Amino acid sequence: MSDQSEKDTALWRTTLAHPLFDYRVVIATSAVLLTLGLMMVISASSVTAAAQLHDPYYFGKRQIAFAVVGVLGAVFLARSSEKFTRFLGLPALVVAAVLIALTLTGFGVEIGGNRNWVQFGPEFTRFQPSEFAKLAIVLWGAHDLAKRSKVLTDLRHWAMFLAGTLGLVGLVFAQKDAGTALIMAAIVVIVAIVAGAPWRLLMALFVAAIGVVLLMLKMAPFRLQRILAYLDPLSDPYGMNLQPRRGIQALASGGWFGQGLGSSRQKWGLLAEAHNDYIFAIIGEELGLIGTLTVIFLFAALAFSGMRIALKSTSHFSRHVAVGVVAWMTVQSFANVAVATRMIPVLGIPLPMISYGGSSLMANLFAIGLLVGCARREPQAAKALAQQRTKARRQAVIKVSP
Amino acid sequence: MSAVEYADVVVPHKPVPLRAISGRAASSRWPKATFPIALLSMLAVGMIGQLLLQTKIQEQGFELAGLQNEAYELSAQQAILQAALDKQFTPQQLAYSASQLGMVANPYSTLLVLPTGEIIGSGAKVRGNEVPIISKAPTLPSNPTADDGVRDAMQVNPQTLGGQP
Amino acid sequence: MSKPRSTRNNSIWQAKLGQPYTRATTLLVLLIAFAVVLSVRCLYIQGFDPAGNAAKALEPVSLPLPATRGTITDRSGQVLAESVPAIRLTADPTIIATNGMIRESMSLADRLKAQAGPGLIAGILTTHLGGDYQTYYDKLSTTKNEAGGELRYTVLAPSILTYSNLDLQDKLSDLGYVGFFPEQAPVRNYPNGTLAANILGYMVYSPELDQEGKYPWTGGDGLELSLNAQLSGIDGEEIFEASPYGRIPMGTSVVTEPQEGISYELTLDLPLQYMQDQRLAEAVKNSRAKFGMAITMTVHGEILAISSYPTFDPNSIGEADSAHIGIPAARFSYEPGSVQKLLTMAAVVDKGIVNPHSRVVVPGKIESGDSYINDSWRHDTVHLTATGILVRSSNVGTITLSRQLSKEELVGYLEGFGLGSPTGIGLPGEESGFLPDASMSGQTRDNISFGQGLSVTALQEVAAVATIANKGVYVSPRLIRSATTSSGTPVDVPSPTVRRVISEEASQQVLSMMEELAQEHSRNINVKGYRVGTKSGTAQKIDPKCGCYRLIIPSYIGVAPAEDPYLVTYVVLDNTPGGSGTQWAAPVVQDILQVALPRYGIAPSTATPEDLPLFW
């Protein structure tokens with residue numbers, strides 16, 4: 001018996017030791033999440049789309065189109081060299097800043113009470129710059145830190161990094177999209193932490209964060225109301241607490257195995273943002289506990305493999321990018337799940353790769369592409385990939401020649 | 001199975017000589033992925049199928065609701081038009097219309113006995129005062145015309161069709 | 001990954017970097033831990049669900065499926081009473097205040113739109129429904145009720161015909177306004193206005209039903225009341241899962257079909273009803289009576305027309321005079337007067353005591369109790385035949401004959417004729433009249449012989465005389481001809497009481513006496529082309545103002561054709577200041593029979609009647 005368990009642990013060990021393990025895990029989990037996401041978007045949006053737009057696949061079709069573009073972009077980014085990827089950093093930051101600034105001008109479009117969209121004419125040019133801002137801060141932040149990797153003991157060298165990234169966060173915050181701003185701030189902080197930020201710096205950031213949060217609450221009483229509604233679940237059952245209540249009901253009615261794909265009741269106009277911020281609740285309703293635990297597990301696996309990629313990376317840039325992407329995916333997905341399960345007040349952030357939203361889907365996929373790129377560039381993985389290619393060729397040759 | 005060696009992530013593994021039989025690296029393995037992938041694909045296909053079915057059922061639900069609404073509307077229209085029509089058949093309306101046409105009541109009928117074909121009575125000409133109770137050109141409360149009757153029914157004045165508040 | 005050595009002295013800007021490996025691993029552990037926490041939370045909500053949220057998510061809604069009230073038609077299918085679908089338009093001012101949105105998620109445009117709502121909608125309502133703009137505006141914008149809480153229900157229009165409502169709803173949803181809820185509120189329509197209104201009845205508002213959430217109108221009087229249970233049917237119910245986008249398919253769905261109301265076909269003949277109503281109204285006005293009743297029936301008890309004047313319009317029952325609603329033919333008891341002599345004569349003829357030719361010596365007055373009874377004309381002893389007694393309507397002669405019967409026999413015959421108990425016609429509040437029993441005094445027996453000292457309703461009296469016309473067989477009067485369910489299945493209706501009261505021969509003999517009477521009064525009653533049998537009645541009533549017998553209840557009854565009767569018409573007027581049955585009521589009977597007989601295809605009489613002697 002111990003022989004067998006020894007063999008099993010050995011199996012696990014060797015599998016984990018495989019140079020392409022993390023690379024394949026990231027691709028596999030992303031693929032599964034994406035597929036699941038597409039199915040859930042179709043399911044969750046079909047009623048609203050059919051009722052208001054007379055085409056139940058309206059949102060699904062769009063999501064698939066964005067997924068295709070995102071996957072193509074991801075593949076491109078994954079296969080790019082480090083030099084090229086680093087080169088994208090600064091332009092990304094500048095473009096992102098400009099686009100966010102544009103939301104405050106005439107090109108800005110308000111949807112659902114939030115003015116965080118830009119549109120240049122026809123409808124398909126409409127997108128959310130804040131999503132791409134996350135990409136920008138990861139890219140540029142990693143690039144900046146990597147540039148200064150030798151002098152980071154000097155706190156002043158952190159200033160540029162913080163100014164650039166937190167500046168973008170500030171712009172997003174000015175759009176009144178506090179949820180996204182919070183996620184972006186978390187990404188910045190986590191990247192800084194893993195990059196080795198000194199305790200003094202972290203302390204200062206912590207104090208500043210508290211100040212900002214208080215400012216946030218003072219500025220918009222709406223946010224305070226959300227917190228109050230969270231603290232008293234029985235209050236305002238048809239107002240602020242309606243969505244959270246319905247989310248919990250959706251999850252609960254899913255039970256262990258779910259109602260069945262497509263059989264959600266809450267998507268019939270009872271749960272707002274069913275195909276968007278609250279899609280996790282619909283997953284819970286349709287696929288049950290199995291579905292929700294699978295989604296959480298997939299994101300956790302993504303985090304695990306992503307961190308391993310970060311630690312195995314031989315370049316500072318790759319490490320910072322990997323950490324940034326992992327931070328982004330995990331923090332945002334776990335925050336979304338925490339909102340849906342009513343562990344924290346409503347934040348208004350989507351579930352990565354699953355929620356409906358062209359901008360966020362594409363940005364997420366590009367981020368995954370960056371992560372896969374980091375994995376590919378890791379020397380052992382790169383070697384293994386190259387070996388596989390040659391092995392395949394050689395095997396083909398062996399097979400062909402008698 | 002060859003002996004499994006423990007490998008450290010950091011140490012690059014030695015290149016293994018190409019073996020025609022098995023191409024796997026000695027120090028790390030990757031279990032065959034075909035079975036799980038096939039399984040997952042089947043699952044995905046099944047789920048997509050169910051999703052499409054459910055969506056179709058939803059669509060039909062909407063259609064059904066629309067048709068039911070239409071059916072209700074139509075039956076309500078029918079009832080209202082019927083009521084307007086019934087107003088035209090009242091004896092008051094008939095008496096009024098007949099007298100407007102200059103007709104007078106003739107109580108002396110000529111009877112046809114079936115099946116013999118015998119005729120009783122002789123169809124006497126009337127002077128117009130034989131049945132004064134209805135020949136006196138009755139006036140109706142609002143002297144409506146046929147069009148008024150239908151239009152009345154289509155309008156919203158509750159007084160024309162039942163006066164419950 | 002090693003710490004770079006700082007080349008400067010330790011200044012405030014120099015700090016040690018953290019170890020990435022440690023930090024990353026710690027972070028990963030924290031993230032995995034958080035994932036576990038989330039998983040446990042999901043397990044808690046989905047696996048165990050202690051708060052029962054799964055049940056709260058599915059809240060099936062129950063929608064009543066109201067049953068359509070049955071239709072009442074006349075014998076040829078013409079509608080007397082029908083239900084027309086209509087909508088009561090209600091609104092929820094609290095929803096209208098924010099146009100259905102959550103206040104916090106409203107943009108400026110949303111807010112402006114919601115603010116403009118009440119004004120715009122009030123305008124649309126005024127155009128479509130009529131009514132007052134300000135009233136609509138106030139209703140739409142008052143969001144607080146008296147207690148200061150949220151007002152969530154207000155009635156905009158109590159009764160709209162359904163397709164103008166749909167037009168309205170389309171308009172409102174096109175403009176993007178929500179918060180309007182139509183409720184079923186069918187309206188009872190009586191297309192014929194006042195015709196047969198008294199026996200049809202009307203609808204009244206029932207607060208109990210309203211509180212139960214049901215359709216709050218129920219029958220108030222007449223057939224609408226007595227047949228209310230059958231007409232109403234039983235409401236059905238539909239249980240389903242509702243959502244803003246409609247019914248959820250594949251959700252709970254239980255339908256209990258409503259049991260639609262039963263529809264009734266009455267024996268009434270609407271055109272005849274119309275003519276009788278008109279003629280009665282004229283007679284009541286001319287005679288200055290307080291009110292009048294007229295009943296035309298087949299001798300087999302089918303009521304073809306039953307009129308009351310003054311009457312009311314059930315469509316506008318709110319404006320009706322309460323004195324005019326009700327059913328006098330079933331509820332007004334009065335002393336029948338000389339028409340009663342027909343029944344007395346029928347009894348003695350059936351007993352074999354007399355026949356039309358029998359000779360009777362009739363004194364000028366007769367002692368009865370502690371006073372005397374005399375005739376309407378002063379005379380000494382005369383020699384009248386039985387026919388003569390009836391034709392001349394001699395009280396003394398009638399008493400002389402009725403004294404030949406025992407009290408039990410007389411009461412027995414009168415009970416046989418249906419007096420003293422309700423006819424069972426199925427109208428609410430039918431009176432039984434008053435018939436003294438066999439223990440009555442001799443004076444009472446004398447009185448009831450000529451129509452005083454007992455009280456009857458018009459229905460009882462006409463059915464009694466119809467017995468004579470119907471070959472001696474009493475058939476209780478009825479209004480309902482047949483009934484069907486909404487799918488056309490026939491439903492049983494109560495059958496009349498049928499019994500033989502006098503022999504066919506006796507009925508024949510009394511009929512010939514009645515015919516003789518009609519001929520004697522051919523100046524007053526002449527139905528061209530037909531032989532009729534008639535009797536007049538002129539009962540006296542005490543005028544409370546002077547305590548003297550000054551008011552009259554003139555009545556007249558006619559049966560035709562005399563050789564084989566089919567129809568009977570009875571007219572009663574109340575409280576005329578003078579006159580007689582022959583004067584006021586006979587013309588009505590004549591005119592009705594004149595139009596009714598050809599209507600039913602009754603051939604004009606060919607044979608000439610036998611002439612009966614009145615004196616000897």
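Guide: The expected span of a helix is 1.5 Å times one less than its number of residues. Helices (H or I, at least four residues) and strands (E, at least two) are DSSP runs, numbered from the N terminus. The model is predicted: local features need pLDDT of at least 70, side-chain atom pairs count only at pLDDT 80 or more, and totals for chains, interfaces and linings use all residues. Residues are numbered from 1 along each chain as its sequence is written, while chains are lettered from A and ligands numbered from 1 in the order in which they are written.

Visitor: How many Å does helix α6 of chain A reach from its first C-alpha to its last?

Guide: Helix α6(A) covers residues 129-147, which is 19 residues. At 1.5 Å a residue, 27 Å is expected. The reach is close to that, at 26 Å.

Visitor: How many residues of α6(A) are buried?

Guide: A residue is buried if 20 or more other C-beta atoms, placed from the backbone, lie within 10 Å of its own, exposed if 12 or fewer, and partly exposed in between. By that count α6(A) is mostly covered. Of its 19 residues, the number buried is 16.

Visitor: Is A:His54 buried or exposed?

Guide: A:His54 is found in the loop between α2 (21-53) and α3 (58-79) of chain A. Its phi is near 60°, a positive value in a residue other than glycine. With 10 C-beta neighbours inside 10 Å, A:His54 counts as exposed.

Visitor: And is C:Ser393 buried or exposed?

Guide: C:Ser393 has a phi near 55°, which is positive in a residue other than glycine. The loop that holds C:Ser393 runs between α14 (386-391) and α15 (395-402) of chain C. Because 25 other C-beta atoms lie within 10 Å, C:Ser393 is buried.

Visitor: How many residues of α15(C) are buried?

Guide: The buried residues of α15(C) include C:Asn395, C:Gly397, C:Ile399 and C:Ser402. This helix is largely enclosed by the rest of the structure, because the count of buried residues is eight of eight.

Visitor: Which element supplies the largest share of the side of chain C that touches chain A?

Guide: Residues are in contact if their C-beta atoms, placed from the backbone, lie within 7 Å. The contact takes 43 residues from chain C and 57 residues from chain A. On the chain C side, α1 (20-48), α2 (53-57) and β10 (236-243) each supply at least two residues. The largest share, 18 residues, comes from α1(C).

Visitor: How many charged residues has the side of chain C that touches chain A?

Guide: Ala, Val, Leu, Ile, Met, Phe, Trp, Tyr, Cys and Pro count as nonpolar, Asp, Glu, Lys and Arg as charged, and the others, Gly among them, as polar. On this side of chain C, 25 residues are nonpolar and 11 are polar. The charged residues number seven.

Visitor: How many Å apart are the C-alpha centres of domain 1 and domain 2 of chain C?

Guide: An automatic or database domain assignment gives the bounds. It divides chain C into domain 1 (86-185) and domain 2 (270-599). Their C-alpha centres are separated by 60 Å.

Visitor: Which strands stand at the edges, each with a single partner strand?

Guide: Strands pair if DSSP finds at least two bridges between them. An open sheet of six strands in chain C, with mixed pairing, has the order β7-β3-β2-β13-β21-β22. Each edge strand has one side without a neighbour in the sheet, because it has a single partner; these strands are β7 (187-189) and β22 (490-491) of chain C.

Visitor: Which residue in β22(C) stands opposite C:Ala483?

Guide: Strand β21(C), residues 480-484, is joined to β22(C) by two bridges, and the two run antiparallel. Opposite C:Ala483 stands C:Val491.

Visitor: What is the phi of C:Gly369, in the turn of the hairpin?

Guide: Strands β17 (365-368) and β18 (371-374) of chain C pair in the antiparallel sense over four bridges, and C:Ser368 stands opposite C:Ser371. The two strands form a hairpin with two residues between them. In the turn, C:Gly369 has a positive phi of about 65°.

Visitor: What is omega for the cis peptide bond that joins B:Leu114 and B:Pro115?

Guide: B:Pro115 lies in the loop between β1 (111-113) and β2 (118-120) of chain B. For its cis bond to B:Leu114, omega is about -5°.

Visitor: And what is omega for the cis peptide bond that joins C:Tyr309 and C:Pro310?

Guide: C:Pro310 is in the loop between β15 (303-309) and α12 (328-331) of chain C. For the cis bond from C:Tyr309 to C:Pro310, omega is about 0°.

Visitor: What percentage of the residues of chain B count as buried?

Guide: Chain B has four helices and two strands, in the order α-α-β-β-α-α from the N terminus on. Of its 165 residues, the buried fraction is 17%.

Terms used
Contact = placed C-beta atoms within 7 Å.
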